[in-house]
Amino acid sequence: MDQDAREQGLLNALTTEHFVLQTSRSATITESVGRATVFLSLLSASLIGLGFVSSSAHLTKPYLGAVLPTLVITGLLTFARLVENMVENSLDLKRIQRIRAYYHRQFAGEHDFFADAVTGGGDTKTIAAAVGGGASRWQLLLTTAAMVGAVNALLVGLGATLLTGVAGGSPTFAIVLGVAVALVAYAAQLAFIKRASIWLSG
């Protein structure tokens with residue numbers, strides 16, 4: 001195989017790979033939206049159910065005892081998968097940027113087509129920051145995983161408050177403890193996202 005045929009074959013392979021990677025990114029985004037929607041729909045249905053049983057004091061505690069653990073477990077599983085999707089999406093973007101850098105070097109000539117792939121945009125840390133990796137804590141708050149993590153933290157804090165109240169603690173102490181537990185739970189989930197981002201940008 002001569003050089004021209006080899007380069008043409010490589011171009012065809014890269015074009016196909018580019019399409020596959022973009023499809024993969026679309027799939028991870030769609031899955032993230034779907035999982036977050038299912039979790040939030042479950043939460044909404046649980047709140048509606050709570051409204052129905054709230055008029056009967058003897059039903060409220062058993063209902064919350066059954067629903068809260070279910071929501072927390074579902075939320076944590078959803079959160080973990082959303083972080084995985086974030087990492088997969090970021091890796092796909094890195095690979096796309098490498099292909100775009102090849103397009104720029106081989107075909108752009110004096111034009112600036114795909115120039116961002118080789119002048120900063122193709123840098124590993126820059127790519128990671130664009131989708132959450134290597135980003136600041138404030139940027140991490142904007143991810144879907146962080147949103148679900150916030151809901152999880154509220155549920156965990158609510159559970160701590162209710163357990164403290166059932167154990168006979170004062171309402172003020174129960175609320176303060178619940179807020180503290182919620183903040184710790186949220187910080188732990190943000191740290192998990194940050195660790196995934198550091199791994200990605202490393």
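Biologist: Which residues have the most contacts inside the largest nonpolar core?
Modeller: This is a predicted model. Its largest nonpolar core has 22 residues, and Phe79, Val83, Ala145, Val148, Leu155 and Ile193 have the most contacts inside it. Two or more residues each come from helix H1 (3–53), helix H2 (57–108), helix H5 (144–166) and helix H6 (171–201). H2 gives the most, with nine residues.

Biologist: What makes a set of residues a nonpolar core?
Modeller: The residues must be buried, of nonpolar kinds such as Ala, Val or Phe, and joined through side-chain atoms within 4.5 Å. Another core lies apart from the largest one; this other core has six residues, among them Leu21, Ile96, Tyr102 and Tyr103.

Biologist: What is Ala145 in contact with, beyond its neighbours within four places in sequence?
Modeller: Leaving those neighbours aside, Ala145 contacts Phe79, Leu82, Val83 and Ile193.

Biologist: Why is Ser32 called buried?
Modeller: Buried means under 20% relative accessible area. Ser32 has 11% relative accessibility, so Ser32 counts as buried. Ser32 lies in helix H1 and touches Leu82 and Asn85, not counting residues up to four places away in sequence.

Biologist: Where does Phe113 lie?
Modeller: Phe113 is in the loop between H2 and helix H3 (124–130). Not counting residues up to four places away in sequence, Phe113 touches His104 and Ala108. The C-alpha atoms of Phe113 and Tyr103 are separated by 8.4 Å, with the two residues 10 apart along the chain.

Terms used. Residues numbered from 1 in each chain as written. Predicted model: local features only at pLDDT ≥ 70, side-chain atom pairs only at ≥ 80, totals over all residues. Heavy atoms only, no water. Buried < 20%, exposed > 50% of the residue type's maximum accessible area, 1.4 Å probe, protein only. Helix = DSSP H or I, 4+ residues; strand = E, 2+ residues; numbered from the N terminus. Contact = heavy atoms within 4.5 Å.
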